[in-house]
Amino acid sequence: MTPRWISRCCVVLFACVLLYPLTGLFARVGPWRWDEAVANPTLSSIRVSLLWTGAAMLIVLLVGTPVALYVARAAPGERLWWQSILILSILLPPLALGILLSMAFGPAGWAGRWLDHAGVRLSNNAPAFVMTQVYVSIGYYVLGAIAAFRSISPMLEKQAALLGQPPWRVFWRVSFPLARLGLAVAFSVAWVRALGEFGAVVVTAYHPSGMPVQLWVNLQSFGLPAVMPLLLVFLVTALPLPWVAHLLAQRRPHA
Amino acid sequence: MLDAHILKRRRDLTVDIRLTIENGHSLGLFGASGAGKSTILSCIAGIEQPDEGSIRFGEIQLFPPPLPLHLRPVGYLTQEPHLFPHLTVAGNIAFGLERQPTEKDNGWLADLRTSLQLNDVWGAPAARISGGQARRVALARMLARRPPLVLLDEPFAGLDRQLVREMIEGLLAWKNALGFTMIVVDHQAHVLERLSPHVAVIERGQLIQQGDWEQVRAAPATDSLRKLLAPL
């Protein structure tokens, strides 16, 4: 057996160990439970997760993309400063972030009091859910998007501008097409991060429950048979986007 | 007329220079590597901003305040072709034209395509063509918009003599046809001489001599210029 084959076998073994937890889907937990008591809140959690995570991702995209473009083209010193702030936002443990969000946007916080005056409450409702999803995921998206934009030579954008293209058309015709796969990867990481968020959401928006919170509720209330259907749906909705994005990114010809 | 006073401070060099070029004329910027020639072009193009000074081309004030790049009537060609790798050769060349090119645009593109021998690669992805072809595509892309001010920063470096000869002949023909004003930077005197009868010599960021090539060759202002002009 050649050294290359030995290495390959080791990697196969590693992959098997890595994917082994997925075999839990076939574990003998008894018949999967899908009666009314389980199905209604489970379906509701799927709807909540997909709808409000989708809304959060729209905000992440619309706010995060211009920020990333700005930071990517900033001077090195300034860029480092912004990146350190973004990294700080993703380093916070989710539960700690949830508690901090509750304090900052609750009645005790400056923004919370101001929002309260305006009649907006950010606790246990859809806006609180969306806000939390945005906070937990936007740092991942922006950092990934900065890397994607920085992979493009600034001279390409300047050449495009010198060819008479205003800034928005330079973005649309040069920056975006060249960065799109990197942006897709960043977006998919943010999507998975938001969709799977439990620690922060359980503090700020226990209701309406998204899939991770409902998984916990099902486990606590009904045991494993009630968890398995939701677990399957969770994997099917969370996995394909980042998986395809990463595969496409590996194939990109002009990185 | 291009009227420029550029003051640009760098860590190791301060470029401080005044240039005036009549419309439709050309000027070669000659000097050793690192003399500040490229900085001058870069400031006129708008890639960099001067620290002080003013740049005016006809009625258009380029600096100060810095005019946005997309409003500058400038074609800028550098050593690196900087083609858009996600587009075809045709997409690159037509990039600066309106979405619906006019009949006149199409005729001009066909002329560029033939003259620069791009027929074989016209539909090819720009990322998959050779270095020499990429330079020709970059030249065609710059000329496609018919800019009134053309800035060339060592556009022929590293190309074989035959290709350089063809590109120079093409440039001179298009300059006569389109009447653009042209500034060319190169450290090879024989290349510059072909492109422009007038030369401005730059040394350590300063203009040390200006005139026709004959005048400069007959009485170089400094020893280092004499050495630069000496045959190998």
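Analyst: We begin where the chains meet: 15 residues of chain B are in contact with 16 residues of chain A. Two residues are in contact if their C-beta atoms, placed from the backbone, lie within 7 Å. By class, the side of chain B that touches chain A has nine nonpolar, four polar and two charged residues. Here Ala, Val, Leu, Ile, Met, Phe, Trp, Tyr, Cys and Pro count as nonpolar, Asp, Glu, Lys and Arg as charged, and the others, Gly among them, as polar. This is a predicted model, in which local features need pLDDT of at least 70 and side-chain atom pairs count only at pLDDT 80 or more, while totals for chains, interfaces and linings use all residues. Residues are numbered from 1 along each chain as its sequence is written, and chains are lettered from A and ligands numbered from 1 in the order in which they are written.

User: How many helices and strands are there in chain A?

Analyst: Helices (H or I, at least four residues) and strands (E, at least two) are DSSP runs, numbered from the N terminus. Chain A contains 12 helices and zero strands. Its C-alpha trace spans about 75 × 65 × 30 Å along the principal axes. Of the contacts in chain A between residues at least 6 apart in sequence, 78% join residues at least 24 apart.

User: What percentage of the residues in chain A is buried?

Analyst: A residue is buried if 20 or more other C-beta atoms lie within 10 Å of its own, exposed if 12 or fewer, and partly exposed in between, with C-beta atoms placed from the backbone. In chain A, which has 255 residues, 36% are buried.

User: At what angle do helix H7 and helix H8 of chain A pack?

Analyst: Two packed helices are described by the angle between their axes and the distance between the axes. Axes are lines fitted to C-alpha atoms, for helices over the stretch in contact, and angles run from 0 to 180 degrees between N-to-C directions. Helix H7 (residues 154-162) and helix H8 (residues 167-195) of chain A pack at about 140°, their axes 10 Å apart. That makes H7(A) oblique to H8(A). Angles under 35 degrees count as roughly parallel, over 145 as roughly antiparallel, 65 to 115 as roughly perpendicular and the rest as oblique. The crossing of H7(A) and H8(A) is right-handed. A crossing is left-handed if the near helix is turned anticlockwise from the far one by less than a right angle, and right-handed if clockwise. Leu156(A), Glu157(A), Ala160(A) and Ala161(A) of H7(A) make the contact with Val170(A), Arg173(A), Val174(A) and Ser175(A) of H8(A). These residues divide into five nonpolar, one polar and two charged.

User: Which residues of H2(A) and H8(A) meet?

Analyst: Helix H2 (residues 36-72) of chain A packs with H8(A) at an angle of about 140°, with axes 10 Å apart. H2(A) and H8(A) are therefore oblique to each other, and H2(A) passes H8(A) in a right-handed crossing. From H2(A), Ser49(A), Thr53(A), Ala56(A), Met57(A), Val60(A), Leu61(A) and Leu69(A) meet Ser175(A), Phe187(A), Ala190(A), Trp191(A), Ala194(A) and Leu195(A) of H8(A). This contact has 10 nonpolar, three polar and no charged residues.

User: How many residues of H4(B) are buried?

Analyst: The expected span of a helix is 1.5 Å times one less than its number of residues. Helix H4 (residues 131-144) of chain B has 14 residues and reaches 20 Å from its first C-alpha to its last, close to the 20 Å expected. Of its 14 residues, 12 are buried, so H4(B) is largely enclosed by the rest of the structure. The buried residues of H4(B) pack against strand S6 (74-77), helix H2 (89-93), helix H3 (103-115) and helix H5 (161-178) of chain B. After H4(B) comes Arg146(B), whose phi is positive, near 50°.

User: Is Arg145(B) exposed, partly exposed or buried?

Analyst: Arg145(B) lies in the loop between H4 and strand S7 (149-153) of chain B. Because 19 C-beta neighbours lie inside 10 Å, Arg145(B) counts as partly exposed. Leaving aside neighbours within four places in sequence, Arg145(B) is in contact with Leu163(A), Gly164(A), Gly75(B), Gly96(B) and Leu97(B).

User: Is Thr181(B) buried or exposed?

Analyst: Thr181(B) is found in strand S8 (residues 181-186) of chain B. Thr181(B) has 23 C-beta neighbours inside 10 Å and therefore counts as buried.
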